[in-house]
Amino acid sequence: MAGQYSSKSTPIQNSFHTGELSPKIYGRTDSDGYKSGAEIMENFIADPRGPAYRRLGSRYITEFAGNDGRVFVFAVNQNAGYIIVMTGNKMFPITMDGVALPTNFVYNPRFRSGSIGWTVDDNNGDAIFYPDLLVMRTNDSAQRHVYVGQQVTVPSAGTYRVAVTELLGEPYVIRVGTALNNSAYGEIIVATGGPINAPITLPATTAWITVVNEERDSVINVTSIGITSTTVDNSIDTPWIEQDLENLHVAIAPSGSVAYIMHPNYPVHKLTYTYATDSFEFEQVTFTGTPPQWTGQNHPRTGVFHEGRFWLGGTPNESQTFWASQSGLYEDFTLGAEADDGLVFTMAKQGDIRWMASTKNLMIGTTFGEHIVTSVEGVITPSDIQVTQQSAYGSNTIQSVQVGDQIFYVSADETKVRAMQYEFAADNWLSKDVTFFSSHITESGIRNVAWAQNPNNQFACLLRNGTLAVCSYERGEDLWGWHRHNLGGEIKDIAAGPLRGLDISVSLNRRVPGKIYLEVYPQLQEVYMDSWITRSGTQMTQIDNINHLEGKEVNILTDDAVHPNRVVTGGSVTLDWPADQVYIGLPYTSTLRTLPPDTGVSGGSAVPYMKRFNRIYVNLLDSANPKINGERQPSRTASTPMDTRQPNITAISLVGERGWDRKGQITIEQDLPLPCTILNLSAEFNQEII
């Protein structure tokens with residue numbers, strides 16, 4: 001292509017940490033944000049350290065009837081917790097491995113009575129029983145195994161589920177049979193950690209289940225073992241219909257055993273967990289000294305625990321009023337003049353109370369501003385209370401989230417996320433728009449939010465269009481970058497909660513009308529497909545009981561090899577070759593498209609130039625080869641044995657000459673169910689102007 005001027009360069013993008021940028025930023029080609037941003041970052045995650053890496057897929061747990069729902073994580077302690085799912089007029093406590101609470105036929109499944117009920121062989125290692133945690137550790141000898149099992153009695157022969165939750169990623173085996181460590185009815189080989197919820201056919205009413213650690217010098221940490229029913233309904237009746245669910249707020253009491261649930265048109269209810277019996281009780285709260293205004297369809301919208309009191313506020317008729325319980329008595333709102341009596345306060349500033357949060361101060365967000373509640377003496381009492389406005393941005397009804405020392409809340413128009421933090425120099429709580437440089441990403445409106453701190457500091461926004469906008473946020477470095485996640489179907493709710501040092505992220509997805517799926521994002525299982533399940537056995541050629549994927553085209557991994565896609569028919573797929581470990585789920589494509597580069601030329605900008613890549617170099621970390629501008633470098637090498645997958649590479653992948661165009665962008669896509677981490681990009685690059 002002949003031109004009046006020409007230049008050659010090797011542009012490099014060393015970082016993608018600012019994520020997907022708003023088109024309004026595209027003119028700022030000289031800014032650091034532009035140089036580390038992208039035009040599209042979908043199903044990739046912007047790492048604050050620089051790389052872009054593919055998000056993990058969601059694991060199918062169970063499903064519920066309905067078209068909408070709410071979900072929250074109820075952590076019992078650091079080792080155990082429940083996922084609470086709410087649908088129209090129903091609530092379901094579900095364990096992390098998908099077990100409905102009252103349906104486990106295993107005795108002492110969470111080891112809260114030590115080793116009682118369990119038969120143990122640990123001559124080649126250790127089996128150590130703690131409440132909610134069983135540690136199975138083998139030694140370094142050639143003869144190694146540790147197994148723990150028990151005989152289980154079920155009501156009748158039929159199909160049940162094997163449910164085991166293991167927190168660390170060491171391999172282990174589950175055997176179900178006629179005796180201890182016998183696999184007559186089935187064997188499940190678990191290659192990585194995480195919950196197992198697999199169907200098992202029992203031809204008799206008694207069976208043995210055994211969990212075996214056979215790996216040399218390894219440790220597995222099991223939090224529960226079960227054989228469970230597939231038919232028992234463990235639902236709890238609730239007053240909220242589907243249309244009410246979006247407006248529910250949840251406050252967990254400091255004890256961690258009671259969740260209070262608020263809705264402006266219903267009395268406050270509570271869900272109480274009893275550790276000794278491993279059971280839940282749900283009921284309307286009977287307050288002492290109930291404010292007379294709390295009646296009919298006029299009840300608190302939101303609540304929080306702060307300074308030893310339960311604070312509630314924002315009733316429809318008294319939208320600027322909040323109440324506090326007596327000190328240490330969360331259900332006693334009796335008013336009085338003593339320091340520990342209940343109190344009531346009506347704010348002088350216009351604005352309906354939308355959310356309350358507890359940090360250094362009690363924070364209140366209203367439709368027109370953000371406020372703190374303080375006192376002269378340092379502890380709020382009926383005679384010492386003051387409310388001070390800090391900013392005037394205004395909030396939506398979405399419950400705020402604490403992120404470190406900040407409060408994240410959603411703007412009144414549902415399109416912005418603001419981070420509220422105390423600034424010493426200003427002696428004030430200031431709010432920053434963390435969506436400012438990526439404002440397009442939330443323009444469909446935000447429905448709910450969740451914060452997963454460990455391991456990777458991810459703040460997620462559920463959007464009105466059923467997808468996710470996620471921000472990678474590193475407070476200490478003042479770095480954040482937005483990216484979009486599309487899970488297929490329509491996400492109805494999201495939540496996250498801590499478990500053994502990690503945050504468990506969950507979602508409710510409507511993939512077919514009339515059903516919502518509970519799906520979890522295991523941090524320890526690198527599976528790159530959505531709504532996935534896994535099956536293990538010996539030389540399997542047909543995978544059954546995958547009805548949740550009926551009629552869908554699915555990705556399949558067989559013993560870590562990519563199998564041709566199949567359509568699930570009759571709840572089954574037939575494999576082209578036998579396999580021992582199979583993963584099946586919905587495919588998704590991870591896409592990263594760079595912004596048009598401006599490498600500059602003598603005298604100014606190179607934006608008007610036509611551009612061509614002679615070669616594109618993509619520096620990958622432990623990845624399968626992606627498509628680069630539509631072309632995938634050959635994936636197999638002569639050194640890779642037949643019948644094995646080409647190993648992931650930590651190297652540079654490249655493609656050759658591409659045509660001329662005005663923008664000169666690079667698009668990287670990973671459509672295989674395999675990992676992809678991009679460290680940086682470089683290219684041999686021509687540009688000319690005619």
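Student: Is aspartate 622 buried, partly exposed or exposed?

Tutor: This is a predicted model, in which local features need pLDDT of at least 70, side-chain atom pairs count only at pLDDT 80 or more, and totals for chains, interfaces and linings use all residues. Residues are numbered from 1 along each chain as its sequence is written, and side-chain values use heavy atoms, with hydrogens and water left out. Buried means under 20% relative accessible area, exposed over 50%, and partly exposed in between (1.4 Å probe, protein chains only). Aspartate 622 has 43% relative accessibility, so this residue counts as partly exposed.

Student: Where is aspartate 622 found, and what is its phi near?

Tutor: Strands are DSSP runs of E with at least two residues, and helices are runs of H or I with at least four, numbered from the N terminus. Aspartate 622 is in the loop between strand 50 (610–620) and strand 51 (627–628). Although aspartate 622 is a residue other than glycine, its phi is positive, near 50°.

Student: Is glutamate 414 buried or exposed?

Tutor: Glutamate 414 is in the loop between strand 35 (406–410) and strand 36 (417–423). Its phi is also positive, about 70°, although it is not a glycine. Its relative accessibility is 18%, so glutamate 414 counts as buried.

Student: Which peptide bond is cis?

Tutor: Proline 455 lies in the loop between strand 38 (446–452) and strand 39 (458–463). With omega near 10°, the cis bond is the one from asparagine 454 to proline 455.

Student: How many helices and strands does the protein have?

Tutor: Buried residues make up 56% of the 690 residues. The secondary structure comes to 1 helix and 55 strands.
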